[in-house]
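Subject: Structure handover and notes

Hello,

Please find the structure below, with the sequence alongside it. My notes come after it.

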Amino acid sequence: MSIARFWRETPRRYNLGGSKCATCGTVSFPPRVVCPTCTHHRQSIGKMAPFQLSGEGEVESFTVVHEAAEGFEMQVPYVLALVRTPEGPVLTGQIVDVEPGEVAIGLPVRATFRKLREEGKAGVIHYGYKFSPRTEDDPAPPRGRTAPVPREAPAPERAKA
Amino acid sequence: MRDVAVLGVGQTKFGELWDRSFREIGIEAGLQALVDAKLASENLGGLFLGNMASGGLLEQEHIAPLILDYAGLAGRHLPAVRIEGGGASGGLALHQGFLAVASGLYDYVVVGGAEKLTDVPDSTASQIVSSTADHEWEVVFGATLPSLWALVARRHMHLYGTTREQLAHVAVQAHEMGSKNPNAHFRNRVTVEQVLGAAPVAEPLGVFDCAPLSDGAAAVVLGPLEGARRHTDTPIQIRASEVACDTMALHHRRDVTANDATVAAARAAFSRARRSPKDVGVAEVHDGYSISALLAVEDLGFSEKGRAGPDFASGQFALGGRVSVNPSGGLKAQGRPFGAVGVAQVVELVRQLRGDAKERQAPATDLALAHDLGGTGATAVVHLLARAG
(Lines give C-alpha, C1' and ligand atoms only; values in the text may rest on other atoms or scores of the structure.)
Protein backbone atom coordinates (compact mmCIF):
# COMPACT_ATOMS: atom_id res chain seq x y z
CA MET A 1 0.00 0.00 0.00
CA SER A 2 1.45 3.38 -0.91
CA ILE A 3 2.46 5.75 1.89
CA ALA A 4 -0.07 8.38 0.81
CA ARG A 5 -2.92 5.88 0.74
CA PHE A 6 -2.43 4.97 4.39
CA TRP A 7 -1.34 8.44 5.56
CA ARG A 8 -4.49 10.19 4.32
CA GLU A 9 -6.64 8.02 6.60
CA THR A 10 -4.60 8.66 9.77
CA PRO A 11 -7.14 11.07 11.36
CA ARG A 12 -9.62 8.16 11.27
CA ARG A 13 -7.27 5.28 12.00
CA TYR A 14 -5.32 7.06 14.78
CA ASN A 15 -8.02 9.27 16.28
CA LEU A 16 -11.40 7.69 15.43
CA GLY A 17 -12.60 10.83 13.67
CA GLY A 18 -16.06 10.22 12.22
CA SER A 19 -18.93 12.45 11.16
CA LYS A 20 -22.39 13.40 12.42
CA CYS A 21 -25.37 14.36 10.29
CA ALA A 22 -26.76 17.78 11.31
CA THR A 23 -30.17 16.77 9.93
CA CYS A 24 -30.83 13.47 11.70
CA GLY A 25 -27.95 13.11 14.17
CA THR A 26 -26.67 9.80 12.81
CA VAL A 27 -22.97 9.25 13.54
CA SER A 28 -20.87 7.62 10.81
CA PHE A 29 -17.46 6.03 10.99
CA PRO A 30 -15.45 6.41 8.83
CA PRO A 31 -16.85 9.88 8.08
CA ARG A 32 -19.21 10.29 5.15
CA VAL A 33 -20.20 13.20 2.94
CA VAL A 34 -23.77 11.92 2.63
CA CYS A 35 -25.87 10.52 5.46
CA PRO A 36 -26.80 6.87 4.85
CA THR A 37 -29.92 6.97 7.04
CA CYS A 38 -31.62 10.33 6.25
CA THR A 39 -34.91 9.84 4.42
CA HIS A 40 -34.14 12.76 2.12
CA HIS A 41 -30.50 11.86 1.89
CA ARG A 42 -29.64 14.63 -0.57
CA GLN A 43 -30.45 17.21 2.12
CA SER A 44 -27.58 15.91 4.26
CA ILE A 45 -24.96 16.93 1.69
CA GLY A 46 -22.83 19.67 3.18
CA LYS A 47 -24.30 19.09 6.65
CA MET A 48 -22.00 16.35 7.85
CA ALA A 49 -19.88 17.68 10.73
CA PRO A 50 -16.72 16.10 12.17
CA PHE A 51 -17.46 13.91 15.17
CA GLN A 52 -15.05 12.03 17.39
CA LEU A 53 -15.90 8.57 18.73
CA SER A 54 -15.17 7.95 22.43
CA GLY A 55 -13.35 4.72 21.67
CA GLU A 56 -15.61 2.69 23.96
CA GLY A 57 -17.63 -0.24 22.75
CA GLU A 58 -18.88 -3.76 23.23
CA VAL A 59 -18.04 -6.95 21.36
CA GLU A 60 -20.96 -7.84 19.07
CA SER A 61 -19.28 -10.85 17.48
CA PHE A 62 -15.76 -12.26 17.32
CA THR A 63 -13.61 -14.88 15.67
CA VAL A 64 -10.20 -16.38 16.35
CA VAL A 65 -8.29 -16.07 13.07
CA HIS A 66 -5.87 -18.87 12.18
CA GLU A 67 -5.32 -18.09 8.50
CA ALA A 68 -4.12 -14.51 8.66
CA ALA A 69 -4.72 -11.48 6.50
CA GLU A 70 -1.63 -10.23 4.65
CA GLY A 71 0.82 -8.73 7.12
CA PHE A 72 -0.84 -10.36 10.14
CA GLU A 73 0.87 -13.76 9.78
CA MET A 74 3.05 -13.28 12.88
CA GLN A 75 0.01 -12.54 15.05
CA VAL A 76 -1.96 -15.80 14.64
CA PRO A 77 -4.07 -16.86 16.32
CA TYR A 78 -5.60 -13.40 16.78
CA VAL A 79 -9.06 -12.27 17.76
CA LEU A 80 -11.03 -10.15 15.30
CA ALA A 81 -14.32 -8.60 16.38
CA LEU A 82 -17.24 -6.42 15.49
CA VAL A 83 -17.30 -3.68 18.15
CA ARG A 84 -20.49 -1.66 18.63
CA THR A 85 -19.80 1.85 19.93
CA PRO A 86 -22.26 3.74 22.16
CA GLU A 87 -22.34 6.47 19.47
CA GLY A 88 -23.77 3.97 16.96
CA PRO A 89 -21.12 2.87 14.46
CA VAL A 90 -19.80 -0.69 14.48
CA LEU A 91 -16.07 -1.14 13.81
CA THR A 92 -14.03 -4.15 12.76
CA GLY A 93 -10.84 -4.57 14.77
CA GLN A 94 -8.63 -6.89 16.75
CA ILE A 95 -9.18 -7.60 20.46
CA VAL A 96 -5.84 -7.61 22.28
CA ASP A 97 -4.45 -7.92 25.83
CA VAL A 98 -6.71 -10.89 26.51
CA GLU A 99 -6.58 -14.65 25.95
CA PRO A 100 -8.75 -15.65 22.95
CA GLY A 101 -10.73 -17.97 25.24
CA GLU A 102 -11.78 -15.05 27.44
CA VAL A 103 -13.41 -13.02 24.67
CA ALA A 104 -17.20 -13.20 24.62
CA ILE A 105 -20.08 -11.39 22.99
CA GLY A 106 -20.94 -8.43 25.21
CA LEU A 107 -17.37 -7.90 26.47
CA PRO A 108 -16.83 -4.16 27.13
CA VAL A 109 -13.77 -2.87 25.28
CA ARG A 110 -11.94 0.36 24.62
CA ALA A 111 -9.93 1.41 21.58
CA THR A 112 -6.19 1.36 21.95
CA PHE A 113 -3.57 2.73 19.55
CA ARG A 114 -1.36 -0.05 18.19
CA LYS A 115 0.82 -1.20 15.36
CA LEU A 116 -1.38 -3.02 12.84
CA ARG A 117 1.21 -4.47 10.45
CA GLU A 118 4.48 -3.77 8.69
CA GLU A 119 5.19 -3.88 4.99
CA GLY A 120 8.26 -6.09 5.27
CA LYS A 121 11.49 -5.13 7.03
CA ALA A 122 12.06 -1.87 5.19
CA GLY A 123 8.47 -0.86 4.42
CA VAL A 124 5.88 1.38 6.02
CA ILE A 125 4.51 0.49 9.45
CA HIS A 126 0.73 0.80 9.67
CA TYR A 127 -0.74 2.00 12.98
CA GLY A 128 -4.37 2.20 14.00
CA TYR A 129 -6.97 1.11 16.51
CA LYS A 130 -7.35 -2.25 18.20
CA PHE A 131 -9.52 -2.92 21.23
CA SER A 132 -8.73 -4.17 24.72
CA PRO A 133 -11.07 -5.24 27.55
CA ARG A 134 -12.46 -2.62 29.92
CA THR A 135 -14.09 -3.33 33.29
CA GLU A 136 -16.75 -1.35 35.18
CA ASP A 137 -14.51 -0.35 38.09
CA ASP A 138 -11.36 0.00 36.00
CA PRO A 139 -12.31 1.78 32.82
CA ALA A 140 -8.66 2.15 31.79
CA PRO A 141 -7.35 -0.61 29.55
CA PRO A 142 -4.79 -2.91 31.16
CA ARG A 143 -1.97 -1.94 28.84
CA GLY A 144 -1.25 0.34 25.96
CA ARG A 145 -2.33 3.81 25.20
CA THR A 146 -5.98 4.76 25.30
CA ALA A 147 -7.71 6.11 22.26
CA PRO A 148 -8.78 8.57 21.17
CA VAL A 149 -5.53 10.40 21.30
CA PRO A 150 -5.91 14.19 20.89
CA ARG A 151 -6.81 15.29 17.38
CA GLU A 152 -3.78 17.54 17.37
CA ALA A 153 -0.72 17.38 19.55
CA PRO A 154 -1.10 19.86 22.44
CA ALA A 155 1.12 22.91 22.25
CA PRO A 156 4.23 22.52 24.40
CA GLU A 157 4.03 24.37 27.72
CA ARG A 158 5.81 27.69 27.72
CA ALA A 159 8.82 27.90 29.94
CA LYS A 160 8.03 30.12 32.90
CA ALA A 161 9.72 33.40 32.74
CA MET B 1 -39.50 -5.96 -22.67
CA ARG B 2 -39.60 -9.40 -24.28
CA ASP B 3 -39.28 -12.84 -22.68
CA VAL B 4 -35.81 -14.36 -22.56
CA ALA B 5 -34.82 -18.02 -22.61
CA VAL B 6 -31.68 -20.05 -22.01
CA LEU B 7 -31.07 -21.97 -25.23
CA GLY B 8 -27.80 -23.71 -24.51
CA VAL B 9 -25.36 -24.40 -21.68
CA GLY B 10 -21.70 -25.33 -21.29
CA GLN B 11 -19.30 -25.88 -18.45
CA THR B 12 -15.73 -27.07 -17.87
CA LYS B 13 -14.64 -29.28 -15.05
CA PHE B 14 -14.02 -27.23 -11.88
CA GLY B 15 -10.87 -27.74 -9.85
CA GLU B 16 -7.11 -27.31 -10.05
CA LEU B 17 -6.74 -27.24 -13.83
CA TRP B 18 -2.96 -26.77 -13.95
CA ASP B 19 -2.63 -27.98 -17.53
CA ARG B 20 -5.21 -25.57 -18.91
CA SER B 21 -5.03 -21.82 -19.49
CA PHE B 22 -7.66 -19.19 -18.79
CA ARG B 23 -8.39 -18.72 -22.47
CA GLU B 24 -8.73 -22.47 -23.05
CA ILE B 25 -11.36 -22.95 -20.35
CA GLY B 26 -13.20 -19.75 -21.27
CA ILE B 27 -13.57 -20.86 -24.87
CA GLU B 28 -14.48 -24.45 -24.02
CA ALA B 29 -17.53 -23.46 -21.99
CA GLY B 30 -18.69 -20.89 -24.56
CA LEU B 31 -18.36 -23.19 -27.55
CA GLN B 32 -20.19 -25.99 -25.71
CA ALA B 33 -23.07 -23.58 -25.10
CA LEU B 34 -23.16 -22.47 -28.76
CA VAL B 35 -23.25 -26.09 -29.93
CA ASP B 36 -25.91 -26.97 -27.35
CA ALA B 37 -28.03 -24.04 -28.59
CA LYS B 38 -27.44 -24.96 -32.25
CA LEU B 39 -26.65 -21.30 -32.80
CA ALA B 40 -24.78 -20.23 -35.92
CA SER B 41 -22.17 -17.72 -34.83
CA GLU B 42 -23.32 -15.18 -37.43
CA ASN B 43 -26.48 -14.81 -35.37
CA LEU B 44 -24.53 -13.98 -32.22
CA GLY B 45 -24.95 -10.42 -30.95
CA GLY B 46 -22.29 -10.24 -28.26
CA LEU B 47 -20.49 -11.66 -25.26
CA PHE B 48 -20.89 -10.77 -21.58
CA LEU B 49 -18.13 -12.23 -19.44
CA GLY B 50 -18.21 -12.42 -15.64
CA ASN B 51 -14.78 -12.35 -14.06
CA MET B 52 -13.63 -11.12 -10.66
CA ALA B 53 -9.91 -10.55 -10.80
CA SER B 54 -8.04 -11.50 -13.94
CA GLY B 55 -5.63 -8.61 -13.41
CA GLY B 56 -4.49 -9.75 -9.98
CA LEU B 57 -4.69 -13.45 -10.77
CA LEU B 58 -3.30 -13.53 -14.32
CA GLU B 59 -1.75 -10.11 -14.94
CA GLN B 60 -4.25 -9.85 -17.76
CA GLU B 61 -7.02 -7.27 -17.93
CA HIS B 62 -9.20 -6.65 -20.98
CA ILE B 63 -10.21 -10.30 -21.17
CA ALA B 64 -13.58 -10.11 -22.93
CA PRO B 65 -12.08 -9.44 -26.39
CA LEU B 66 -9.37 -11.99 -25.58
CA ILE B 67 -11.95 -14.76 -25.14
CA LEU B 68 -13.93 -13.58 -28.16
CA ASP B 69 -10.74 -13.59 -30.23
CA TYR B 70 -9.75 -17.15 -29.27
CA ALA B 71 -13.31 -18.31 -29.81
CA GLY B 72 -12.65 -17.42 -33.45
CA LEU B 73 -14.98 -14.45 -33.49
CA ALA B 74 -12.62 -11.45 -33.58
CA GLY B 75 -13.30 -10.98 -37.30
CA ARG B 76 -16.99 -10.40 -36.63
CA HIS B 77 -16.17 -7.37 -34.45
CA LEU B 78 -18.84 -8.23 -31.92
CA PRO B 79 -19.18 -6.33 -28.66
CA ALA B 80 -17.57 -8.19 -25.73
CA VAL B 81 -17.83 -6.83 -22.20
CA ARG B 82 -16.32 -7.98 -18.92
CA ILE B 83 -18.46 -7.61 -15.78
CA GLU B 84 -17.10 -7.56 -12.22
CA GLY B 85 -18.93 -7.80 -8.92
CA GLY B 86 -16.65 -9.87 -6.68
CA GLY B 87 -18.10 -13.33 -6.17
CA ALA B 88 -21.30 -12.21 -7.89
CA SER B 89 -19.59 -11.39 -11.21
CA GLY B 90 -21.18 -14.34 -13.03
CA GLY B 91 -24.69 -13.55 -11.83
CA LEU B 92 -24.20 -9.92 -12.80
CA ALA B 93 -23.02 -10.90 -16.29
CA LEU B 94 -26.14 -13.00 -16.68
CA HIS B 95 -28.26 -10.03 -15.63
CA GLN B 96 -26.57 -7.88 -18.30
CA GLY B 97 -27.11 -10.53 -20.95
CA PHE B 98 -30.75 -10.80 -19.90
CA LEU B 99 -31.19 -7.02 -20.22
CA ALA B 100 -29.53 -7.04 -23.64
CA VAL B 101 -31.92 -9.65 -25.05
CA ALA B 102 -35.02 -8.45 -23.15
CA SER B 103 -34.52 -4.91 -24.49
CA GLY B 104 -34.59 -6.18 -28.06
CA LEU B 105 -31.25 -4.59 -28.89
CA TYR B 106 -29.55 -8.01 -29.11
CA ASP B 107 -31.15 -11.26 -30.25
CA TYR B 108 -28.62 -13.88 -29.14
CA VAL B 109 -25.80 -13.44 -26.64
CA VAL B 110 -23.31 -15.67 -24.88
CA VAL B 111 -22.95 -15.08 -21.16
CA GLY B 112 -19.77 -16.61 -19.81
CA GLY B 113 -18.11 -16.74 -16.44
CA ALA B 114 -14.48 -17.74 -15.98
CA GLU B 115 -11.84 -17.57 -13.29
CA LYS B 116 -8.42 -19.11 -12.80
CA LEU B 117 -7.30 -19.03 -9.17
CA THR B 118 -4.51 -21.62 -9.17
CA ASP B 119 -1.97 -19.74 -11.33
CA VAL B 120 -0.93 -17.78 -8.20
CA PRO B 121 0.00 -19.07 -4.71
CA ASP B 122 -2.99 -19.72 -2.41
CA SER B 123 -1.95 -16.80 -0.20
CA THR B 124 -2.15 -14.38 -3.15
CA ALA B 125 -5.49 -15.79 -4.26
CA SER B 126 -6.83 -15.47 -0.69
CA GLN B 127 -5.74 -11.82 -0.53
CA ILE B 128 -7.52 -11.09 -3.78
CA VAL B 129 -10.64 -12.87 -2.52
CA SER B 130 -10.52 -10.78 0.66
CA SER B 131 -10.43 -7.61 -1.41
CA THR B 132 -14.11 -8.23 -2.21
CA ALA B 133 -14.69 -7.00 1.38
CA ASP B 134 -13.88 -3.37 2.32
CA HIS B 135 -10.10 -3.18 2.09
CA GLU B 136 -9.63 0.12 3.93
CA TRP B 137 -11.87 -0.57 6.94
CA GLU B 138 -11.89 -4.37 7.24
CA VAL B 139 -8.84 -5.95 5.61
CA VAL B 140 -6.36 -3.31 6.89
CA PHE B 141 -7.52 -4.22 10.41
CA GLY B 142 -6.82 -7.94 9.99
CA ALA B 143 -9.99 -9.23 8.32
CA THR B 144 -10.12 -11.91 5.64
CA LEU B 145 -13.27 -12.99 3.80
CA PRO B 146 -13.60 -16.23 5.87
CA SER B 147 -13.02 -14.29 9.11
CA LEU B 148 -15.85 -11.91 8.28
CA TRP B 149 -18.18 -14.84 7.60
CA ALA B 150 -16.98 -16.31 10.91
CA LEU B 151 -18.24 -13.13 12.61
CA VAL B 152 -21.60 -13.74 10.94
CA ALA B 153 -21.57 -17.37 12.10
CA ARG B 154 -20.77 -16.52 15.73
CA ARG B 155 -23.54 -13.93 15.84
CA HIS B 156 -26.02 -16.35 14.25
CA MET B 157 -25.10 -18.98 16.84
CA HIS B 158 -25.50 -16.41 19.63
CA LEU B 159 -28.90 -15.13 18.49
CA TYR B 160 -30.51 -18.33 17.21
CA GLY B 161 -28.71 -21.19 18.93
CA THR B 162 -27.22 -22.44 15.66
CA THR B 163 -24.58 -25.11 16.34
CA ARG B 164 -21.28 -26.17 14.80
CA GLU B 165 -22.85 -29.55 13.99
CA GLN B 166 -25.67 -27.89 12.05
CA LEU B 167 -23.12 -25.88 10.05
CA ALA B 168 -21.19 -29.10 9.39
CA HIS B 169 -24.26 -30.63 7.74
CA VAL B 170 -24.02 -28.01 4.98
CA ALA B 171 -20.57 -29.31 4.01
CA VAL B 172 -21.61 -32.96 4.36
CA GLN B 173 -24.57 -32.42 2.03
CA ALA B 174 -22.44 -30.47 -0.46
CA HIS B 175 -19.82 -33.23 -0.67
CA GLU B 176 -22.56 -35.85 -1.03
CA MET B 177 -23.83 -34.00 -4.11
CA GLY B 178 -20.29 -33.35 -5.38
CA SER B 179 -19.77 -37.11 -5.42
CA LYS B 180 -22.51 -37.30 -8.06
CA ASN B 181 -21.18 -34.46 -10.23
CA PRO B 182 -18.41 -35.37 -12.71
CA ASN B 183 -17.47 -31.66 -13.03
CA ALA B 184 -17.04 -31.14 -9.29
CA HIS B 185 -13.78 -30.05 -7.68
CA PHE B 186 -14.44 -32.40 -4.73
CA ARG B 187 -16.03 -35.80 -5.36
CA ASN B 188 -15.35 -37.32 -1.94
CA ARG B 189 -17.95 -37.69 0.78
CA VAL B 190 -17.20 -36.34 4.25
CA THR B 191 -18.73 -36.94 7.69
CA VAL B 192 -19.84 -34.47 10.35
CA GLU B 193 -16.92 -35.69 12.50
CA GLN B 194 -14.42 -34.92 9.71
CA VAL B 195 -15.86 -31.44 9.25
CA LEU B 196 -15.74 -30.72 12.98
CA GLY B 197 -12.22 -32.11 13.29
CA ALA B 198 -10.74 -30.09 10.40
CA ALA B 199 -8.16 -27.37 10.99
CA PRO B 200 -9.64 -24.02 12.01
CA VAL B 201 -9.57 -21.14 9.50
CA ALA B 202 -11.41 -18.50 11.53
CA GLU B 203 -13.34 -19.93 14.46
CA PRO B 204 -16.01 -21.20 14.44
CA LEU B 205 -15.29 -21.97 10.74
CA GLY B 206 -12.83 -24.68 9.74
CA VAL B 207 -11.40 -25.83 6.43
CA PHE B 208 -14.55 -27.78 5.50
CA ASP B 209 -16.76 -24.75 6.14
CA CYS B 210 -15.00 -22.88 3.33
CA ALA B 211 -15.37 -23.38 -0.41
CA PRO B 212 -12.10 -24.04 -2.28
CA LEU B 213 -10.14 -21.87 -4.69
CA SER B 214 -10.96 -23.39 -8.10
CA ASP B 215 -10.41 -22.87 -11.80
CA GLY B 216 -13.36 -23.19 -14.10
CA ALA B 217 -15.69 -21.67 -16.63
CA ALA B 218 -19.37 -21.85 -17.51
CA ALA B 219 -21.49 -20.33 -20.26
CA VAL B 220 -25.05 -20.03 -21.47
CA VAL B 221 -26.63 -18.82 -24.70
CA LEU B 222 -29.59 -16.49 -24.21
CA GLY B 223 -32.15 -15.57 -26.82
CA PRO B 224 -35.76 -14.47 -27.22
CA LEU B 225 -38.28 -17.02 -25.93
CA GLU B 226 -40.24 -16.59 -29.12
CA GLY B 227 -38.63 -18.91 -31.62
CA ALA B 228 -36.59 -20.65 -28.91
CA ARG B 229 -37.84 -24.07 -30.04
CA ARG B 230 -35.79 -23.71 -33.21
CA HIS B 231 -32.78 -24.13 -30.92
CA THR B 232 -33.90 -26.53 -28.23
CA ASP B 233 -36.77 -28.84 -27.32
CA THR B 234 -36.70 -27.55 -23.77
CA PRO B 235 -36.22 -23.80 -23.65
CA ILE B 236 -35.83 -22.56 -20.10
CA GLN B 237 -37.35 -19.16 -19.51
CA ILE B 238 -35.69 -16.61 -17.26
CA ARG B 239 -38.75 -15.54 -15.28
CA ALA B 240 -36.85 -12.91 -13.29
CA SER B 241 -33.34 -11.46 -13.13
CA GLU B 242 -32.77 -9.14 -10.19
CA VAL B 243 -29.74 -7.47 -8.60
CA ALA B 244 -29.58 -5.68 -5.25
CA CYS B 245 -26.74 -4.13 -3.28
CA ASP B 246 -25.97 -3.30 0.34
CA THR B 247 -23.19 -1.70 2.39
CA MET B 248 -19.68 -2.69 1.39
CA ALA B 249 -18.50 -3.47 4.93
CA LEU B 250 -20.14 -6.14 7.06
CA HIS B 251 -19.99 -3.82 10.10
CA HIS B 252 -22.32 -1.32 8.43
CA ARG B 253 -25.16 -3.81 7.86
CA ARG B 254 -28.53 -3.41 9.56
CA ASP B 255 -28.14 -6.95 10.90
CA VAL B 256 -25.02 -9.02 10.20
CA THR B 257 -27.02 -12.26 10.37
CA ALA B 258 -29.08 -11.31 7.31
CA ASN B 259 -28.12 -10.32 3.77
CA ASP B 260 -30.62 -7.57 3.01
CA ALA B 261 -29.39 -7.48 -0.59
CA THR B 262 -30.50 -11.09 -0.99
CA VAL B 263 -33.86 -10.30 0.62
CA ALA B 264 -34.38 -7.35 -1.73
CA ALA B 265 -33.33 -9.21 -4.89
CA ALA B 266 -35.49 -12.23 -3.99
CA ARG B 267 -38.51 -10.09 -3.18
CA ALA B 268 -38.19 -8.27 -6.50
CA ALA B 269 -37.75 -11.54 -8.40
CA PHE B 270 -40.75 -13.30 -6.83
CA SER B 271 -42.87 -10.22 -7.38
CA ARG B 272 -41.87 -9.96 -11.05
CA ALA B 273 -42.55 -13.67 -11.65
CA ARG B 274 -45.72 -13.58 -9.52
CA ARG B 275 -44.48 -16.57 -7.56
CA SER B 276 -43.40 -17.22 -3.97
CA PRO B 277 -40.54 -19.08 -2.25
CA LYS B 278 -42.97 -22.00 -1.71
CA ASP B 279 -43.07 -22.58 -5.47
CA VAL B 280 -39.32 -23.24 -5.74
CA GLY B 281 -38.39 -26.90 -6.06
CA VAL B 282 -34.67 -26.65 -6.74
CA ALA B 283 -32.16 -23.92 -5.96
CA GLU B 284 -28.48 -23.16 -6.33
CA VAL B 285 -27.50 -20.79 -3.52
CA HIS B 286 -24.27 -19.13 -2.44
CA ASP B 287 -22.49 -21.43 0.02
CA GLY B 288 -19.00 -19.93 -0.11
CA TYR B 289 -19.00 -20.66 3.62
CA SER B 290 -21.33 -23.00 5.49
CA ILE B 291 -22.88 -20.02 7.27
CA SER B 292 -23.53 -18.29 3.91
CA ALA B 293 -25.83 -21.18 2.94
CA LEU B 294 -27.78 -20.74 6.19
CA LEU B 295 -28.26 -17.02 5.53
CA ALA B 296 -29.21 -17.72 1.92
CA VAL B 297 -32.05 -20.13 2.67
CA GLU B 298 -33.38 -17.78 5.36
CA ASP B 299 -33.12 -14.63 3.24
CA LEU B 300 -34.64 -16.33 0.19
CA GLY B 301 -37.65 -17.39 2.26
CA PHE B 302 -37.01 -21.16 2.40
CA SER B 303 -36.42 -21.17 6.18
CA GLU B 304 -37.78 -19.02 8.98
CA LYS B 305 -35.18 -16.59 10.32
CA GLY B 306 -32.87 -18.51 12.65
CA ARG B 307 -34.17 -21.94 11.62
CA ALA B 308 -31.79 -22.73 8.78
CA GLY B 309 -29.39 -24.69 11.01
CA PRO B 310 -31.99 -27.26 12.16
CA ASP B 311 -33.54 -27.29 8.66
CA PHE B 312 -30.22 -28.22 7.02
CA ALA B 313 -29.41 -30.78 9.72
CA SER B 314 -32.79 -32.50 9.29
CA GLY B 315 -32.30 -32.88 5.55
CA GLN B 316 -34.98 -30.42 4.42
CA PHE B 317 -32.60 -29.07 1.77
CA ALA B 318 -31.15 -32.40 0.65
CA LEU B 319 -31.96 -33.79 -2.80
CA GLY B 320 -35.70 -34.45 -2.83
CA GLY B 321 -36.26 -32.41 0.35
CA ARG B 322 -38.57 -29.41 0.77
CA VAL B 323 -36.26 -27.56 -1.62
CA SER B 324 -33.38 -29.42 -3.29
CA VAL B 325 -30.56 -26.98 -2.50
CA ASN B 326 -27.29 -27.08 -4.45
CA PRO B 327 -27.68 -30.35 -6.34
CA SER B 328 -24.42 -29.44 -8.15
CA GLY B 329 -22.52 -29.63 -4.87
CA GLY B 330 -22.55 -25.85 -4.61
CA LEU B 331 -19.50 -23.66 -4.27
CA LYS B 332 -18.33 -25.97 -1.48
CA ALA B 333 -17.98 -29.17 -3.52
CA GLN B 334 -18.54 -28.33 -7.18
CA GLY B 335 -15.99 -25.57 -6.64
CA ARG B 336 -15.55 -21.84 -6.51
CA PRO B 337 -14.06 -20.24 -9.63
CA PHE B 338 -15.47 -16.87 -8.58
CA GLY B 339 -16.60 -15.28 -11.85
CA ALA B 340 -17.90 -18.61 -13.17
CA VAL B 341 -20.06 -19.45 -10.16
CA GLY B 342 -23.20 -17.46 -10.99
CA VAL B 343 -23.26 -18.81 -14.55
CA ALA B 344 -22.55 -22.39 -13.44
CA GLN B 345 -25.51 -22.19 -11.04
CA VAL B 346 -27.80 -21.50 -13.99
CA VAL B 347 -26.16 -24.21 -16.09
CA GLU B 348 -27.00 -26.69 -13.32
CA LEU B 349 -30.58 -25.46 -12.99
CA VAL B 350 -31.13 -25.69 -16.74
CA ARG B 351 -29.97 -29.32 -16.58
CA GLN B 352 -32.31 -29.89 -13.63
CA LEU B 353 -35.30 -28.35 -15.42
CA ARG B 354 -34.55 -30.29 -18.60
CA GLY B 355 -34.41 -33.49 -16.52
CA ASP B 356 -30.79 -34.07 -17.59
CA ALA B 357 -29.13 -34.07 -14.17
CA LYS B 358 -28.81 -37.86 -13.93
CA GLU B 359 -27.76 -39.11 -10.47
CA ARG B 360 -28.34 -35.73 -8.89
CA GLN B 361 -31.72 -35.06 -10.55
CA ALA B 362 -34.14 -33.27 -8.20
CA PRO B 363 -37.86 -34.11 -8.38
CA ALA B 364 -39.64 -32.40 -11.27
CA THR B 365 -40.47 -28.79 -10.49
CA ASP B 366 -41.65 -25.81 -12.48
CA LEU B 367 -39.54 -23.20 -10.67
CA ALA B 368 -35.82 -23.00 -9.98
CA LEU B 369 -33.83 -20.27 -8.24
CA ALA B 370 -30.20 -19.17 -8.55
CA HIS B 371 -28.61 -16.96 -5.88
CA ASP B 372 -25.18 -15.41 -6.37
CA LEU B 373 -23.45 -13.24 -3.77
CA GLY B 374 -20.39 -10.98 -3.69
CA GLY B 375 -18.12 -10.36 -0.68
CA THR B 376 -20.06 -10.58 2.57
CA GLY B 377 -23.24 -9.62 0.75
CA ALA B 378 -22.71 -6.20 -0.83
CA THR B 379 -24.08 -7.59 -4.11
CA ALA B 380 -26.77 -10.23 -4.50
CA VAL B 381 -28.22 -11.60 -7.73
CA VAL B 382 -31.35 -13.75 -7.95
CA HIS B 383 -32.62 -15.50 -11.07
CA LEU B 384 -35.86 -17.47 -11.38
CA LEU B 385 -36.03 -20.07 -14.11
CA ALA B 386 -38.87 -22.23 -15.41
CA ARG B 387 -39.53 -24.57 -18.30
CA ALA B 388 -41.29 -22.65 -21.05
CA GLY B 389 -44.91 -23.82 -21.31
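This is a predicted model: local features need pLDDT of at least 70, side-chain atom pairs count only at pLDDT 80 or more; totals for chains, interfaces and linings use all residues.

Residues are numbered from 1 along each chain as its sequence is written, and chains are lettered from A and ligands numbered from 1 in the order in which they are written.

Chain A

Chain A has two helices and eight strands; helices (H or I, at least four residues) and strands (E, at least two) are DSSP runs, numbered from the N terminus. In sequence order the pattern is α-α-β-β-β-β-β-β-β-β. Chain A has 161 residues, and 34% of them count as buried. A residue is buried if 20 or more other C-beta atoms lie within 10 Å of its own, exposed if 12 or fewer, and partly exposed in between, with C-beta atoms placed from the backbone. Of the contacts in chain A between residues at least 6 apart in sequence, 56% join residues at least 24 apart. Contact here means that the C-beta atoms of two residues, placed from the backbone, lie within 7 Å.

Three strands of chain A form an open sheet in the order S2-S1-S3, with antiparallel pairing. Strands S2 (27-28) and S3 (48-52) of chain A are the edge strands, each pairing on one side only. Two strands pair if DSSP finds at least two bridges between them. Strand S1 (residues 17-21) of chain A is joined to S3(A) by five bridges, and Cys21(A) stands opposite Met48(A) in S3(A).

Strand S5 (residues 78-84) of chain A pairs with S6(A) in the antiparallel sense over six bridges. Val83(A) is opposite Leu91(A) in S6(A). The two strands S5(A) and S6(A) form a hairpin with five residues between them, and Gly88(A) in the turn has a positive phi of about 125°. Strand S6 (residues 90-95) of chain A is mostly covered, with six of its six residues buried.

The contact between chains A and B

The contact takes 25 residues from chain A and 24 residues from chain B. On the chain A side, strand S4 (56-65), S5, S6 and strand S8 (125-133) each supply at least two residues. S4(A) gives the largest share of that side, six residues. The chain A side divides into 13 nonpolar, eight polar and four charged residues. In this division Ala, Val, Leu, Ile, Met, Phe, Trp, Tyr, Cys and Pro count as nonpolar, Asp, Glu, Lys and Arg as charged, and the others, Gly among them, as polar.

His66(A) lies in the loop between S4 and S5 of chain A. It counts as partly exposed because it has 18 C-beta neighbours inside 10 Å. Leaving aside neighbours within four places in sequence, His66(A) is in contact with Val76(A), Pro77(A), Pro200(B), Val201(B) and Ala202(B). The C-alpha atoms of His66(A) and Val76(A) are separated by 5.5 Å, although the residues are 10 apart along the chain.

Chain B

The largest nonpolar core has 171 residues, of which Val220(B) and Val343(B) touch the most other members. Such a core is a set of buried Ala, Val, Leu, Ile, Met, Phe, Trp, Tyr and Cys residues joined through C-beta atoms within 7 Å. Helix H13 (residues 338-354) of chain B gives the most to this core, with 10 residues. Beyond neighbours within four places in sequence, the contacts of Val220(B) include Val6(B), Ala33(B), Val111(B) and Val343(B).

Helix H10 (residues 290-299) of chain B has 10 of its 10 residues buried, so it is largely enclosed by the rest of the structure. Gly301(B) follows H10(B) and has a positive phi, near 95°.

The axes of helix H7 (residues 164-178) of chain B and H10(B) come within 8 Å and cross at roughly 95°. H7(B) is therefore roughly perpendicular to H10(B), a label for angles of 65 to 115 degrees; under 35 counts as roughly parallel, over 145 as roughly antiparallel and the rest as oblique. Axes are lines fitted to C-alpha atoms, for helices over the stretch in contact, and angles run from 0 to 180 degrees between N-to-C directions. In this contact Leu167(B), Val170(B) and Ala171(B) of H7(B) meet Ser290(B), Ile291(B) and Ala293(B) of H10(B).

Regards
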